[in-house]
Every structure is written in C-alpha cells, then in structure tokens.
Amino acid sequence: MSALITFIYPVIRGDFIYKSLETLRKYTDRSKYKLIIIDQTIDGLKELGDVDMVIRMKNQGFACAANTGIRVALSWGTPYIGVVNDDTEFIYPTWLEDALEEFKTDPKIIAINP
C-alpha cells in the first residue's frame, strides 16, 4: 500500500523534534506515511531514524520550510499532507484515523487540527 499521508516537519530548533518523532512512530503505522524533515537548525539534526527525505536549508522561517516540503509531497502524490510543528506529541494509536474521519464530515474541509 502506498502512503496515505506525508508529514512535513519544518525544524528551526533541534530540541523538540526527537520526542515528536518518537511519539509519531509509537502511535502511527509506518506504512501509512512518508516523512519529510526540513532542517533549518544551525548545526544540523542528527540521528533522525527512518525518514524519507531530509532537506537542509538556511533558516527562512516556518512557512517557507513548510511550502518547500509541500511541493515535494505534492510531487509524491500522497492524498493527504500534514505540516507538523516540531513540538507536537501524538498521544493515542488511532489519532490518524480519527483525524481523517473528520474530512468525511464535510467536503468543504481542506484542513484540520487534530
């Protein structure tokens, strides 16, 4: 099965991303997502584990980094794209399915915040 969602992490500070990735991996089936890290940290991130792409770039802010990742995700053709703050912690096993269910409630929904 191809990935259902591509997660994009714009990272400026390196101190939160590791906990976020730990909880993402704990509560999200790896076969359901692709993962792009946009590394804008001063020294570069280390030991990110299983990621699909790391883009290293000068700090140009969250929006620029998110847009860079979104362009890549669109080229991959995953049906959903999630831009994730690096301090996000995922807290239960069915969070992704629950979030995707919300899209079914109204065809006008283009974004959610689970």
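Author: Start with exposure: buried means under 20% relative accessible area, exposed means over 50%, and partly exposed lies in between (1.4 Å probe, protein chains only). Lys-19 is partly exposed, at 38% relative accessible area. The model is predicted: local features need pLDDT of at least 70, side-chain atom pairs count only at pLDDT 80 or more, and totals for chains, interfaces and linings use all residues. Residues are numbered from 1 along each chain as its sequence is written, and side-chain values use heavy atoms, with hydrogens and water left out.

Now the pairs. A salt bridge is a side-chain nitrogen of Lys or Arg within 4 Å of a carboxyl oxygen of Asp or Glu. The structure holds seven.

Lys-19 pairs with Glu-22, with closest N and O atoms 3.8 Å apart. Both residues lie in helix H1 (residues 17-27), three residues apart, so about one helical turn separates them. Helices are DSSP runs (H or I, at least four residues), as are strands (E, at least two), numbered from the N terminus. Glu-22 is partly exposed, at 47% relative accessibility.

Arg-13 bridges to Asp-15; here the closest N and O atoms are 2.4 Å apart. Arg-13 is partly exposed at 47%. Asp-15 is partly exposed, also with 47%.

Then comes Asp-50 with Arg-30, at 2.9 Å from N to O. Asp-50 sits in the loop between strands E2 (33-39) and E3 (53-56), and Arg-30 in the loop between H1 and E2, so the pair ties together parts 20 residues apart in sequence. Asp-50 is partly exposed at 46%. Arg-30 is partly exposed at 25%. Shared partners link Arg-30, Asp-50 and Asp-52 into one salt-bridge network.
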